[in-house]
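Subject: Structure for you to look at

Hello,

Here is the structure I said I would pass on. Please open it and keep it in view while you read the notes below.

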Amino acid sequence: MVMIKRYRKPFTSTIWALLSLSLVFFSQLSIAATASVSSNKLAKSEVFQLKIVANENLDADDIDFSVLEDDFFTGKPRFGFYTNITNGKKTVKSEWTLALAPLRSGILTIPSFQVGKQKTQPISITVTVDPSAKTEQDLVDVQVKLEKSELYPGELNTLTTRLIIKADSRQIQSANIVPPALQGTDSGAINMEPIGEQKQYQAVIDGMEVIVVDQDYKITATQSGKFVINGPSLKGAILDSNRRSGNSRVIPINTKPETLVLSVLNRPDDFQGNWLPSSNLTLKQKWLDESGSEITANPANLVTGSPITRQIELTVKGVATEQLPNLKVDYPESVRVYEDSPQIKQQGDTATLTLNQVLIARNAGEIPLPEVAISWWNTSDKKQDHSVIPGLMLQVSQSENSPQAVVAPAPVNESPEAKVVTKTETIKDAGYWPYIAGLFALLWVITLALLIKARNTKQANNDVSFLAENSDSLHALVEAIKSRDGFKTNALLNKWLSENPELSGALTDDIKAEIALMHQSLFDDKQTNWSEKRVLKLLINASKQRGQKNSASSLASL
């Protein structure tokens, strides 16, 4: 019994020591992090899964996967945190899943990751090349074209780009189009701006449904020399699935931009005038009378106060609207000139300027209107060119409706025998009756004047109401007359007369004569006083005449 007691205590201590070591070992295993892959032998660009699991409560950002980007195309990591309670025992798990695709062949290594308090073991991947696999060239085509390979400073050039992607839009991953750019540091020598919005659409090319992205760019040069332009490029990836094997491949896309050489020629030293380079420039004009009809005769006959319109149109190919010249015409002082703001538009590589000028002769006689000339550089023939539109000779006569000077009557010559006979009468005092009679007469005159004024005011109000209730064009014409807007009055009068061809010729002539008097009062140096009362009265008569004819026509139809 003594011997047994001696050896029992050391044996018990050993058992407890082993149990303690095993608990420590299993507790360390419970918090270990593991990394695994769905396949470690695969082809280049083939997609596989990397899974990392840790038995700890961690966050999604606790692992940095950027170390894989040199050898693998990486997708977006998916993270999950799970809690499990079994028989009252709680366990936690943090899990990361990441899609990868090798970028090159050979032996690639997924490195060890620090996950919480633990590290994963590195994993070796064997990557081979599949000769039947699609390449970047099979899936993406970039087309670039310069309209002209040489141009002059200030001349407009167009860069056309087209990107063709031979894949479904759902297969494109993280696509980014890099726009064209100028090589070198002197980027200010070439200005490059997109024209409109980028156009993306689906099309069928060679029997294959593809995605097409079109974008044009406007190019102008500020200095001469030779420049290299890098075309656009596409960066991203395309997911290609093999229906037979069921495997998927991620094909990285990073197209190499095509380079284009642009030569900018020197501006000629002997060029005179405003620099305007173009392959085609047209300058044309129209002369219109007050009714809108084109004037073809030269000289043109008109009367003072009657306006004519000069429409000038300049069309220049190969320039932007900012380069269009300012068309300034020096007219003689005998003509008043009123012009609208130029209308400028850009259509493709062609800029157009339209200018309307209203000219009114102030005096009678011959008035020469000048020509308009533009100097420009013909880029096709590489020489200076000139475009000219001729002027017009006006034969102006005095308007018959112009107010004439009032000539005082000549004094009557009295005969020598004519004498003034003066008769003197003596009036006796009549008392207060003359004053009372004069007071009643004055009151009667005042009352009569107020009645006349009230009647005129009522009539004027009725006239205004009558015109306001008429057609929109007549109402607008009346407003233009009241505001003394000569140009607007002409346009609205022509429109209203065209809407009412049934008016008598005499009444129409009277209205035109009054409008001519209005123009003369506006543009004549003498600033003749003119009132719109007569022309408004004529318009009222015209409206009533039209109403009577319409009523008669209606009765006749009944």
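Two strands count as paired if DSSP finds at least two bridges between them. In this predicted model, strands β16 and β17 are joined by 13 bridges and run antiparallel. Strand β17 covers residues 208-221, and β16 covers residues 190-205. To find one of these bridges, look for Gln 202, whose bridge partner in β17 is Ile 211.

The two strands belong to an open sheet of 4 strands. Its order is β11-β13-β17-β16, and the pairing is antiparallel. The edge strands are β11, at residues 140-146, and β16, as each of them pairs on one side only. From one strand to the next, the twist averages 15 degrees.

Next, the salt bridges. Side chains of opposite charge can pair when their charged atoms come close. How many salt bridges does the structure hold? There are 12.

Asp 214 and Arg 162 meet through their side chains in a salt bridge, at 2.8 Å from N to O. Asp 214 lies in strand β17 and Arg 162 in strand β13 (residues 156-165), so this pair ties together parts that are 52 residues apart in sequence. Are the two residues buried or partly exposed? Asp 214 has a relative accessible area of 15%, and because buried means under 20%, Asp 214 counts as buried. Arg 162, with a relative accessible area of 33%, is partly exposed.

Lys 148 and Glu 155 form another salt bridge between their side chains, with an N to O distance of 2.6 Å. Lys 148 is partly exposed at 24% relative accessibility, whereas Glu 155 is buried with a relative accessible area of 2%.

The last pair is found in two helices. Arg 534 forms a salt bridge with Glu 514, and their closest N and O atoms are 3.0 Å apart. Arg 534 is in helix α7 (residues 533-557) and Glu 514 is in helix α6 (residues 505-523), so the pair links distant parts of the chain, 20 residues apart. Arg 534 is partly exposed, with a relative accessible area of 46%. Glu 514 is buried, and its relative accessible area is 8%.

Regards

Methods: Residues are numbered from 1 along each chain as its sequence is written. This is a predicted model: local features need pLDDT of at least 70, side-chain atom pairs count only at pLDDT 80 or more; totals for chains, interfaces and linings use all residues. Side-chain values use heavy atoms; hydrogens and water are left out. Axes are lines fitted to C-alpha atoms, for helices over the stretch in contact, and angles run from 0 to 180 degrees between N-to-C directions. A salt bridge is a side-chain nitrogen of Lys or Arg within 4 Å of a carboxyl oxygen of Asp or Glu. Buried means under 20% relative accessible area, exposed over 50%, partly exposed in between (1.4 Å probe, protein chains only).
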